[in-house]
Amino acid sequence: MPIPRRALAAAAVALVLPLSACGSGDSGGSTDASGRIEGDITFQTWNLRANFKPYFEGVVADFEKKYPGTHVKWIDQPAEGYADKISADAAGGTLPDVVNVSPDLVAPLAKAGLALDLDKSAVRYKKEYLAGAWAGHQVPGMTGTYAFPWYLNTGPLFYNKSLFEKAGLDAAQPPTTYDELFTDALRLADKSDGKVATLANVPTIEDFGRYGVELMNKEGTAFSFNDAKGVQLLTKYKELYDAKALDPQALTATPESSGKKFLTGAVAMNPGSALDLGNFKKQAPNLYKNIGITDQITSTGKVNMYVMGVMVNARTKHTPAAVAFAHFVTDAQNQMSFAKKVAIFPSTAGSLDDPYFTKEDGTDETRVRVAAAKSLKNAVNYTPVLFSEQMKTALRNEIAKALQGKQSPRTALDNAVKACDTLLRQQG
């Protein structure tokens, strides 16, 4: 069973810790992870027990066998309310020793002094992970890394070769950069008299990142995606929208509605998964025969990754055991084993060179897996760890006004940055 999309996309609600969570550290543990690995620790996952109970029970048993003086209590929390549960535990001093987190969840915990800095306590493990994945749980304005990278995800783009060919474009050479995308999209719209859009979604913060926009200052105190490059990107999207190269219903699009547009040939490109390929095969065999698979559009040369992590509570009483277990869960062997049970990718260096991620066997699932794995080796998490769901909504609302001509792209992004900076200050 696939892990819920919400978890894979690290789309948790922004977490705001009460001031009481910061505390004085009197009850804190040691940051020294070099001592004897022993003691009882708790490990919390995020909505994984229902589908992966035998796997995690096996990981715990293997760890306890390797370190006889340890005992791990595994607890699992439901997807709904996970951020609230962590916030309550942090405030109440009951945060588990080892916690499954996404980057946006780890940021407030790091600021509150509750997330162990692995660059100080476990830097010897850094070389075992992809550089982009290790950086995924770093927090702007702070030095350090606050969770071990765990599983990754990304998605290639599907495109309809026949629509490209009808527009006189080379279906074997789909666009790879935004400039190429804009050129091809305008041609597709022109040749189809506005009946075929290339995209079904408005730009997100990840698009600005992949375009090469500096999203936030290095201090983590203000957003900066309203710079000249950001305005340029939104101006291009406005041009697409006016030419119907961006679907007219993109302002209210959902993943489901975008998928239907692609299925019916109204849209030429759309992100997807192996499950989508299976649907195309059943519901739209002509589309299935003409499916192309390519990397995400990026002008930086690096695609976007979604990353999950495993954080160590800075106040654990058993730092060596907690660090050892967090590393054990995320080591190459256990990540590879997990990746073969669900459609995710390991964050460990070298794992993506395994034949499982490089050799095709003719199945749709493998076809997509190989394409995605290839792009992940140097991928980065473009979504700023401090960018909350409320901020995503604010950006989307301002972009909609710009596309509709109600305000200029410059004004839209200035307003979005102002709103996001206000929300950032409220995070504390």
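1. Rings of Phe, Tyr and Trp (its six-membered ring) are taken to pair if their centres lie within 6.5 Å; planes under 30 degrees apart count as stacked, over 60 as edge-to-face and the rest as tilted. Ring pairs of this kind join F43, F52, Y55, F56, F63, Y67, W74, W150, Y151, F325, F328 and F338 into a cluster. In total, the structure holds 31 aromatic pairs.

2. On provenance, this is a predicted model, in which local features need pLDDT of at least 70 and side-chain atom pairs count only at pLDDT 80 or more, while totals for chains, interfaces and linings use all residues. Residues are numbered from 1 along each chain as its sequence is written, and side-chain values use heavy atoms, with hydrogens and water left out.

3. Among the aromatic pairs, F52 and F338 are edge-to-face, at 5.3 Å centre to centre and with 80 degrees between the planes. This pair links distant parts of the chain, since F52 belongs to helix 2 (residues 49-66) and F338 to helix 15 (residues 332-339), 286 residues apart. Helices (H or I, at least four residues) and strands (E, at least two) are DSSP runs, numbered from the N terminus. F52 counts as buried at 5% relative accessibility, and F338 counts as buried at 1%. Here buried means under 20% relative accessible area, exposed over 50%, and partly exposed in between (1.4 Å probe, protein chains only).

4. The ring centres of F182 and Y237 are 5.9 Å apart and their planes stand at 80 degrees, so this pair is edge-to-face. It also links distant parts of the chain: F182 lies in helix 8 (residues 178-191) and Y237 in helix 10 (residues 228-242), 55 residues apart. F182 is buried, with a relative accessible area of 4%; Y237 counts as buried at 2%.

5. The ring of Y356 has two charged residues over it. A charge sits over a ring if NZ of Lys or CZ of Arg is within 6 Å of the ring centre and within 35 degrees of the ring normal. K340 lies over the face of Y356 at 5.4 Å from the ring centre, and the charged end of R369 sits 3.7 Å from the centre of that ring.

6. A nonpolar core is a set of buried Ala, Val, Leu, Ile, Met, Phe, Trp, Tyr and Cys residues joined through side-chain atoms within 4.5 Å. The largest such core has 126 residues, and F225 and F325 have the most contacts inside it. Helix 14 (residues 319-329) supplies the largest share of this core, eight residues. A second, separate core of nine residues includes F280, A284, L287 and V368.

7. Three strands form an open sheet in the order 6-5-7, with antiparallel pairing; two strands pair if DSSP finds at least two bridges between them. Strand 6 (269-271) and strand 7 (291-294) stand at the edges with a single partner strand each, so one side of each has no neighbour in the sheet. Strand 5 (residues 157-160) pairs with strand 7 over four bridges, and N160 stands opposite I291 in strand 7.

8. Most residues other than glycine have a negative phi. D193, which is not a glycine, has a positive phi of about 55 degrees; D193 is placed in the loop between helix 8 and helix 9 (205-211) and is exposed, with a relative accessible area of 67%. Phi of K244 is likewise positive, near 65 degrees. K244 lies in the loop between helix 10 and helix 11 (255-263) and counts as partly exposed at 44% relative accessibility.
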